[in-house]
Amino acid sequence: MFEVTPVPEGLERVRFIASDMDGSLLTNASVLPEGFEERVDALASVGTLFSAASGRPLYTLEDNLGHLGHKIMLIGDNGGVISRNGKVIYQADLPVEEYRRMARITHEKGDVGLICGVDACYVEPNAKPYEDYFRTFYTRVVYVDDLTQVDAPADKYTVYFPNNDASERQVEYAAAIGGDYTFACGGIMWLDVMPEGVSKGNAMRRISELCGIGLDEMLAFGDAPNDADMLETVGFGYMMANAQPCMANHASLVAPSNEDCGVLQVIDQVVAAKQAI
């Protein structure tokens, strides 16, 4: 566990907060911390917008946070899709021929691949032993005999590693897939492949332009490598106290752990700082 940072100066400038879900906002039981909606309302009362920023797809985030859809933004698939007020304002595209090629590579390596479609996650029967776990992240799972025959809009391809060695396998897959893609480890078991330019950090830049909010007026939380560029992009980048060790290279601020409701604690600090102006 990393040592928590004292309250930094300048939190009164924050107009936008983005938080990763798993390992950051959510508890280890994958549930929202008690009092989260009240914090969203408190932020709104001081002119700050909240957004979830996750590797989870948009439809899962809508299932998780749909009751707050009119109050917050949603960033899914590591920046592959951005939604506000129930309307998609940005959607990346992973061409069919490309994710089919990635599926063939996964077949050759004997691993478990997932095509992250806009409306559902497509997997083969070899994923069934992990179905209960998958449905925590992908609430719409469609089984197909062969991923190389899928023809559906998608923005991400993912490989699942049940041995928790995603980071060790990333170089291998990046070399095999090649091309202009963004590779990111979403925790220790997921390797995400996105179109070039898709990342949580670039999502911050897009929102900055769309909403007229300076990057220095943004704050973000994360715990894993797919959060790294987001934390580096915003003015206040917080890694969680429970973050993976490698995250020490990507954030200067540390929030209390997800189990200690660290996101809510820092939100309280932001609200207090803005109310004190």
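## A tour from cavity to ring cluster

Start inside: there is one cavity of 30 Å³ or more. A cavity here is a set of points, on a 1 Å grid over the protein atoms alone, where a 1.4 Å probe fits but cannot get out. The largest cavity has a volume of about 40 Å³, the space filled by probe spheres set on the points, with grid points joined across faces, edges and corners.

This is a predicted model, in which local features need pLDDT of at least 70 and side-chain atom pairs pLDDT 80 or more, while totals for chains, interfaces and linings use all residues. Residues are numbered from 1 along each chain as its sequence is written, and side-chain values use heavy atoms, with hydrogens and water left out.

**Select the lining.** Pick Val-4, Thr-5, Pro-6, Pro-8, Tyr-238, Val-254, Ala-255, Pro-256, Val-266 and Gln-269. Each lining residue has an atom within 4 Å of a point. Two elements give two or more residues to this lining: β14 (253-255) and α9 (262-275). Helices (H or I, at least four residues) and strands (E, at least two) are DSSP runs, numbered from the N terminus.

**Select Phe-236.** It sits in strand β13 (residues 236-240). Is Phe-236 buried or exposed? Its relative accessibility is 5%, so Phe-236 counts as buried. Buried means under 20% relative accessible area, exposed over 50%, partly exposed in between (1.4 Å probe, protein chains only). Beyond neighbours within four places in sequence, the contacts of Phe-236 (heavy atoms within 4.5 Å) include Glu-9, Arg-13, Leu-219 and Leu-253.

**Select the cysteines.** How many disulfides are there? The count is zero, where a disulfide is a pair of cysteine sulfur atoms within 2.5 Å. For Cys-121, the nearest cysteine sulfur belongs to Cys-116, 5.4 Å away. Cys-121 is buried, at 1%. Cys-261 is partly exposed, at 27%.

**Select the rings.** The whole structure holds 13 aromatic pairs. Rings of Phe, Tyr and Trp (its six-membered ring) pair if their centres lie within 6.5 Å; planes under 30 degrees apart count as stacked, over 60 as edge-to-face, the rest as tilted. Tyr-133 and Trp-190 have ring centres 6.0 Å apart and planes at 10 degrees, so they are stacked. Tyr-133 lies in helix α5 (residues 131-137) and Trp-190 in strand β11 (residues 190-195), so this pair ties together parts 57 residues apart in sequence.

Next, Phe-134 and Tyr-160: centres 4.9 Å apart, planes at 90 degrees, so edge-to-face. Both are buried.

Last stop: select Tyr-130, Tyr-133, Phe-134, Phe-137, Tyr-138, Tyr-160 and Trp-190, linked by ring pairs into a cluster.

Terms used
1 Å grid on protein atoms, 1.4 Å probe; cavity = no way out; pocket = protein on both sides within 12 Å on 5 of 7 lines; lining within 4 Å.
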